[in-house]
Structure formats: C-alpha cells, structure tokens
Amino acid sequence: MRTYAPAGTDAVLARLLEDPSLASAVLHHEVIPARPADSVPFPDWLDPRIAGGLRSRGIESLYRHQAEAIETVHAGQDVVVVTPTASGKTLCYTLPVLQALAEDPSARALFLFPTKALGQDQVAEFAGLAMASSIPVSAATYDGDTPAPIRSAIRTAGQVVVTNPDMLHSAILPHHTKWFQLFEQVRVIVIDELHTYRGVFGSHVANVLRRLLRLCRHYGSNPVIVCASATIGNPAELAAQLTGRTPRLVDRNGAPRGERHVLLVNPPLLDVATGARSSALTHAQRWALPFLRAGRQTIVFGRARVAVEILLTGLREALREHLGPRSRIRGYRGGYLPTERRSIERGLRSGEILGVVSTNALELGVDIGSLDVAVLAGYPGSVAATWQQLGRAGRRLETSVGILVASASPVDQYVIHHPEFLLERSPEEARVDPDNLHILLAHLRCATFERPFEPGEVFGPQPADDLLAFLGEEGHVREAGDGRWYWSSENFPASEVSLRSAAPENVVIIDTTPDRPRVLGEVDLFSAQVLVHERAIYLHESVQYHVDRLEWGERKAYVHKVDADHYTYANRAVTLKPLDVFADAPATGGRRVHGEVMVASLVTLFKKLKFGTDENVGWGPIDLPELELQTTAYWVTADAAAAGWRRDDLDIALVGAGRAIQAVAAVLLMVDPRDLGLVSQVRSPHQESPTIYIYEAIPGGVGLSERLFARHEELVSGAAALVESCSCDSGCPACTGPRLDPLVDAKALALRLLRGLGSGGAVAADREPAQVA
C-alpha cells in the first residue's frame, strides 16, 4: 500500500492551507499573476541558419529583452542584462557569439562563469544550438578538470573558451603568448551571474578583467562585453566597476510567467517568555513533504551544509515511514564530488529525481529543468539570493509555489514581518572595491609579469608609476633604461594570489569503510574546524560518518560509516585585538571608531545533539590550532553610557545591544548577516572601556565597516527600534539573542544601553530598522 498519490500543485497548496497548524504560521501569502510573453521577430541580420536552428528547437521569436540585448551587441556596444531566473538570458549572449562565428570562423569568444558546473552546462547548451544551426563550432571548457592534451587543442583551435575567473587569472593570462589566437580574435567576452562578483571576490575579478582588457589592447582586439545578472539594485554600476566601461542596461523582462504563490512562514512560538520558536528546518520539512508525496518536483534550500544533511535525513525518514519515493530525494552541496553533482543535475532534468535538498550551490543558473516548488529553510541573507532560490520553481507556465520559512534570527524575523522588504524593495546593491590597495598591488604584480608597464600607463584609478616604484623597493619589479617596468623576480605571482581569499587550502575527507579508501569530498579550513574535527559526525548524502582522525598538517580527515542517532555541533570562540585606527570620533555616550583588527578563531569543544529534538546528549574537547583573520571593523565604546552599571548587567547589555546592532547593520548595508561578526568586551584591554566590535568576516574587508562608522546614529536608533518592537517579554533570539539567564531582563538592559548611546529615548514601537535607512 502507498500513502502518496499524484496531485496538482494548486490542489496540494489548498490542502496545506486548510491545515490550521500550518496556515496559522503563514504571515503573508502573495499571488503573483501569470504574465504573457512580450515577443518580437528575429532581426533581419540574423544568419538564416541560426534562425532555422532556433525554430528546430521550438523558438519562433525572441523575448523583448533578448532582442534588445543582441541588437546592442550587434551595434558594438557593451550590455548588462538583468532579468529573473529562467527568463532566457543565455540567448542574449549565445546568439551574438554564434552570429560572429557564422560571419567569420576565425572569431573567438570568452565565456566567464563563477563556477565550473555552470561552465560545463553552458558548453552543452551552446554546442546544441550550434549543431541545430548546422554551424561547426569548437566550444570547450577550460578549467581545473580539463586534461592536458585537450588544453593545447583548446588554446589553438577553441573558438569559444568557457572558463572561470580563477583559471583566467592563474592559467590563461600569465601564459597569454600560448593563447595569441584568442587574444587577437576575441569579439565577445561574456560575464554571467554578474551579481556573484561582489565583496572580496568581485574586487579581485575586477582586477583580473583589467589585466584581460590590457592584453586585448596589446593584441589589437576590442571585444564587446556582455554581462548577465539576477535582479540587484545596481547592475549597471556593478558592471561599470568590474569592467571599467559603461554598458547599456537591458532590464525589461519579456519572458512569460505562470502564476506564482509566495508564502512567508514564521514557525510558531514555543515559549512567549523566551521567544523560542519551532525549528525552521522541521517546519520547512512539513511544507515540503506533501508536495513530494504528490509527485511535485521540489527543491529545499538549507543555509549550511549541516542544515542540508539534517533536512535530507528527515525527509527520507518521513518518506520511508509512509512508503513514499524515498530514493528519489537527493542532497546537493559543495562537498560532493563533481560526478555526483552532474548525475543529480541530470536526474532533476529528466524527472527521475523528485526532490533535492541543496545549499546555495543550486541557486545559480545550473540547468536542472522545471521544478514546481521551492522551500527556503531560513532567509538566504539577501533579497537577490531569495529570488534566485524562489525562481528555481516555476520554469514552466504552470502554477508554482515559493515558501520562505523564517528562522529565529533577527534578520529573518525582520524580513518575515515586512513583506514589502522582499516583494517591493529593489534588492540590495552589490559592492566591490577594486582599488583596495592590498588587492590592486597583488594584480599589478601579475600584470607586470604578463607584460612590461610603459611610463605613465594607467592600471586602475590612475597611472601605476608610484605603485610600481613601491613594488620596485620590494625587488619584484625594476625600471629599465627605456623607462619601462619589468618583472624581475623568480616567483610566479598569480600562484600566490587567491581570488577567493579567506583560506585557499581545503581538507580532503577520506572514507576508510570500504576495502580501498575513497575520497568522499572536501571542506575549506574554516569549515573543517567545526565539521571534521576528531569524533565529529560528518553527514554526506544523509549517511553518517564518524571522524576517526584529522591530520591537520596534511589537510586530511579519515572517516568511517556509522549509524548514530545524533549529530555534532562545535563551538567557535572568537577573540579580537585592534591593530590600527583609521578614524575616531566622539559619539553620544562614548566614541565610534573604524580600524583594522586581528580576529582569532579557536574551536574548543563540541556538543552531541539528537536528531529531531536537538537534545544535548554529550560533549567532547577539540584540540586544533587557532586560525587568524586580519580584517577591518567598526566599534563603539560606551564609557559614559555604561557608567555606574553592575558588571554582570553590562555584560548582558553589551551582547544584546551588539546583536541588535549587527542585525540592523546587515539590513542597512543589505549584506548577508554572516558577512559581519560580533565581539563584545566589558572592559576592552585596548580601549579601557566597554566596547562592541562589528568586524567584516572577510580578509582585508571590503569597506563595510567604513560605511557602518558613517551611519553610526542610524545603527544605534535602528537597534533600539528592533529591540523595543519585538513581541517577547525580556529578550529572545529575534532581538537580543538567546537568553542565557531566564531571570534577567536582557531586553530592558540592552534598551537602557542603546538609549545611553543616543538612540533618542523612547523609540516608537512601529519604527523599524530599515525605515531608518
């Protein structure tokens, strides 16, 4: 007997909304109506073979944004296309490239994607269109997985080279003489998923593009640049910062859309006094299960690797109990091997896989076909990411459902209670700082290695002579008699620069269960501290592995398969010391400061938590070296505001006020809350006074702390508004953070401190952080 039966998406949703325990948690239900296509005919100049190829694939006309984009490229102008997920952005760049190759087979094109998976996906798509058009094309991916014999063939004969910024930086630009056919003949450069190039990574990529365009000029080519992006607030500005050129913006979406239901769900309160809520993971599972049982293809997004594995385990167990399609539910995240990920993508496209639980690895445009339902377990941290994930459902003209289940975090609670933030507000702006001196100097070294600098030659904001003279003092470059600057070191500079910064090294996970040990996956150093420490339970495809030993020096973790009823959670202790002060100003109740800090992260112990109940069933010590992060921070000292306080009360007030400031900072700057870290000290050894530090969780920082310093008053009053308007009695995870002592009123203490810092006395309860911006 089976207890699941096929049903339509509409019918399942209606049934769920009749269940009082689920319906009562829906704070907002938005129905976005269907919209017809806005189509235009193929342009006259399009090669008849390409038009024929499109028709053979069922495409009889172009959407308006596609036509606008290809006309712009045809006129030789740069363009940035900004439309939602699944609106046919790919044709905006594949058609101009195919047209260029139809006109001149010696032409070349360079496609840049942020991930290898996306690149491989697009090669197959492009080759399919070329074959349907009967135009012979050599298109290939050039990434870390490309075998050596194929690499030389791509260099000489590849008409379309598909790669990622990391390979361009370390394997193509430094060896440009082997790629002269590409650099001489390149007509179009494509930068897809533009919105992912933000923060440190985006700042590095902007400099890689400076080096690329410098070499294009040297070889006499002047390619058109086509950028494609998900919806962000400043796409044209971001494209201009990344490329150093001014593109035309195309953002009128002509693609049709089926009816879409967007539900904002807040798990019920378990305890009004503490503000404790039902788990977002458990609640997301309850919403996803009925759709899976009805045969609706569903994707569930978790915010972290552990969340993905817990969701996957829960869904599979629930389906096993009710004889559901358990084996058709798969996990998808960064630690899986490429072959595993490819097979999951194929299974989703063919319909063989019914459900997938993923981190944001599937947020980008990897082709996984048409899904019916997207469930987000927790706010992904930005509006753009939320719409990318919700947009994974509704790729056909049928009804689709997107469900955002909030966690108890302050930012999640803010978003869930303010639907307009998600549904009406133009999403956040992507920020880059390509002229960050640390990053600029690194790429100036690489650029000099690639080609000598002429006197007065501009690289970045101004002529590079002064910076080259500085590098000359270090012995990396030298000025010759002809006035040009030459690379003079034996080092290979690109190999020393990681575009992703943070920790370039990974820990490899080795499964010793079978007779022949096999590589299970890998994790970065910061994640390894908490995921694969000794005696951890590591989850992979919902299978549990016990970590027997972690060889930290060798970057290897050895695991074996187990069947446990718990998972492990490691505590990370963070200490901070200021290194330098960039700006310092008086503020109400104390001072506000912006400067450079060293953050040390140490993992000391882990807890064993039971699946389902999260009950603590044990703990153990962790012995691993400390990891250090040099970054920038904004901090506020509370000398006057904290005068006359009891030490214990002040400790609680600093943590509560700090958490509220951190949440408001994430909303004001429109960044992922995880990009900002918090440390509070009752008596900072460096400031000699109570201090709240908000630091950038990114090596070197990308200018967020400078903007927090400038917006100090908004932060303090916004934090007071967040705490005061919270519905809890005396502090909770949605305002001041988890309550450590039920007898202490953390809410009142945090408010008292924030008012001392100048939040303006009593704050109207309806005044919310984002309205302060």
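Predicted model: local features only at pLDDT ≥ 70, side-chain atom pairs only at ≥ 80, totals over all residues.
**View 1. The crossing of helices H16 and H21 is right-handed.** Residues are numbered from 1 along each chain as its sequence is written, and side-chain values use heavy atoms, with hydrogens and water left out. Helices (H or I, at least four residues) and strands (E, at least two) are DSSP runs, numbered from the N terminus.

H16 (residues 410-417) packs against H21 (residues 647-668) at about 55 degrees, with axes 9 Å apart. Axes are lines fitted to C-alpha atoms, for helices over the stretch in contact, and angles run from 0 to 180 degrees between N-to-C directions.

**View 2. Pro 410, Val 411 and Tyr 414 of H16 meet Ala 663, Ala 666 and Val 667 of H21.** Contact here means heavy atoms within 4.5 Å.

**View 3. Seven strands form an open sheet with mixed pairing, in the order S1-S11-S18-S17-S14-S16-S15.** Two strands pair if DSSP finds at least two bridges between them. At the edges, S1 (26-32) and S15 (329-332) each pair on one side only.

**View 4. S14 (residues 298-302) and S17 (residues 373-377) run parallel, joined by 5 bridges.** Look for Phe 301, whose bridge partner in S17 is Leu 376.

**View 5. Helix H14 (residues 338-350) lies across S15 and S16 (355-358).** H14 runs at about 135 degrees to S15.

Technical notes:
Left-handed = near helix turned anticlockwise from the far one by under 90°.
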